[in-house]
Structures are given as structure tokens and as C-alpha cells.
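Please look over the sequence and the model before reading on.

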Amino acid sequence: MMIALAPNLKKENAYGVTLDVCRQLDRLGCSYTVAPDQWETFRSTHAVASDAEQFFAGSDIVISIGGDGTILHTAKRAASFHKPVLGINAGRLGFMAGLERHELSLLSRLMDGSYTKDRRMMLDVDIVDDTGAPVRHFSCINDAVVSRGQQFQMIEFTVNINGRRANDYLADGIIVATPTGSTAYSLSAGGPVMDPQINSIILTPICTHSLFARSIVFAPDTEIEILSERRRGDRLFLSCDGEDGCEIPAASRVKIGRSGQYAEFIRIKSDTFIDILNTKLAQRRA
């Protein structure tokens, strides 16, 4: 078995956690590799060198070490190669992590197959121009957020569902989330918590100027289109999974639907979604 290690070394604890993972994999006699740009950092370990093309393609399992953002970013890249990801928390909450630092002895279960794969729905997100031609394409596991720039005024959004006008919002933005993302930004904006095994799409307005605007949960094959008649000076931005956003050009719109790809997360422990939710929310309150 070849394991690809993908740590986010910008995280304070990630380097130390990665070294702990390497030591544990050495004890288990497991081969592992790191990305070419991190080879010098981990030269003292038994990591096998790999080129950029083979880092994911040549691995059986990917271990991502960092916070939720790191794990999501790694999982999106691994999904293109149909590789499962085990997240190890080196951040704060770690909703997406399968193990904490003190649980690394459980890596032995990777060797004997004592784990399950948690398949998570993804979204395809496209910016298209007024002719319908694609401008930019993104994928996300958590959410796509269309939001205003630095101006103080709210933006008027129109949301179309499966090609038909559904609702207008005067708001700071619109969140379109998967069930995985229901515990992220959507939750903070008042959205529902969804069991990630229930495929669906959640639309949540951000700070909408209405007493009656609520989140709406749609069937997984729903196609959502977000557009806006902008006033002079209005700027709109798109961000997927909290990563660096891009500006949406004038007269363009955002189309969102279920992706043909799925992200796979390795679950070694037997805790349920409710167990994880209660534990992490308790940590957030602390």
C-alpha cells in the first residue's frame, strides 16, 4: 500500500503531526510519499519521492493533515483520481477529520481494511456569460457562496430553480451548500443541519432583508441559477469551500448543480454523524 501525505505546513501543528504519522507508518511497514515541493522538508523520514503526476495517481490512500479547509482542498483534488482521503486534525474543530493526533495508533486499521468509506456529494459551479458560454468552472464539497464586495448596500438577487424564477432576495449573499457543508457557513447563516448521507442541496440567503426568508432544501438533481441586476458600483464574488474567491463579471450568472464526482472520506472510528456533531459543536462553544 502506498499512502500520499498531504500536510498543510502553514498550520502551526501540522509539521509535528506529520512526523508522528510518518513514525507510525514506519512501525506498520507502510510506504508513503510526499509532494515534490515538500520533499526537502521531510527528507529525514522514509518518505518515497514522487513526481507531481504520480502523487495522487500512484497512491492508494491520501492522508490530509491540517484543518477542515486543508482536508476539503485535498479531497477535491483526490476526487479527480478516485482516491479516498483520511483527514487528521491539526487545526481547531476538524469536522472533516477522521482522527485526532492522539489517535494515530488507529492507523493500523488501514493495513487490515478495518475502515469504511464515507461518500460525499459534490457540486459543480459555473460562471456563465449572458450567452450561456462558460467563463469559470469550480467544484466544491461544502458550499458555493455568491456575495457582495466591500460596498455597504445589499444586492438584489434572483434565484432560478430548474430554469424557472423561484425567488428574489435583497441580501448580502446566497449560500448553496451540500449536506456536508450544512455544518459550515450555511449553519452560521441560520441553515439546517443535514445528515451527509441524505443527498440534497441547501439554499440559504445571507442577512436577507425579509422576515420570511428561510433556507430551502432541494432535491439533489436540482439546477440552481443565481443572477443579479446590479447597480453602478455593485460587485459580486464567488467563493467555493471558503477558498480564494473570484469576481463575477457583469452580466454573468452562476449555475450550480450536482457533480458527477464524489469525495470519499475514510472513517476508522465508529462514531456517528450525531456523535461528531455534538463533540465539535461543544468544542465551538468552549
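The model is predicted: local features need pLDDT of at least 70, side-chain atom pairs count only at pLDDT 80 or more, and totals for chains, interfaces and linings use all residues. Residues are numbered from 1 along each chain as its sequence is written, and side-chain values use heavy atoms, with hydrogens and water left out.

**Helix α3**

- Helices (H or I, at least four residues) and strands (E, at least two) are DSSP runs numbered from the N terminus.
- Helix α3 covers residues 68-79, twelve residues in total, and its end C-alpha atoms are 16 Å apart.
- The buried residues of α3 are Thr70, Ile71, Leu72, Thr74, Ala75, Lys76, Ala78 and Ala79; buried means under 20% relative accessible area, exposed over 50%, and partly exposed in between, with a 1.4 Å probe and protein chains only.

**Salt bridges: total and definition**

- Side chains of opposite charge can pair when their charged atoms come close.
- A salt bridge is counted when a side-chain nitrogen of Lys or Arg is within 4 Å of a carboxyl oxygen of Asp or Glu.
- The structure holds 15 salt bridges.

**Arg101 and Asp20**

- Arg101 and Asp20 form a salt bridge through their side chains, at 2.9 Å from N to O.
- Arg101 lies in the loop between β4 (85-89) and α4 (108-112) and Asp20 in helix α1 (residues 14-28), so the pair ties together parts 81 residues apart in sequence.
- Arg101 is partly exposed at 39% relative accessibility, and Asp20 is partly exposed at 23%.

**Asp172 and Arg148**

- A salt bridge joins the side chains of Asp172 and Arg148, at 2.9 Å from N to O.
- Asp172 sits in the loop between β9 (164-171) and β10 (173-177) and Arg148 in strand β7 (residues 143-148), so this pair ties together parts 24 residues apart in sequence.
- Asp172 counts as buried at 17% relative accessibility, whereas Arg148 is partly exposed at 24%.

**Lys255 and Glu225**

- In the salt bridge between Lys255 and Glu225, the closest N and O atoms are 3.9 Å apart.
- The pair links distant parts of the chain, with Lys255 in strand β16 (residues 253-267) and Glu225 in strand β13 (residues 224-228), 30 residues apart.
- Lys255 is partly exposed at 37% relative accessibility, while Glu225 is buried at 12%.

**Shared partners**

Key: The expected span of a helix is 1.5 Å times one less than its number of residues.
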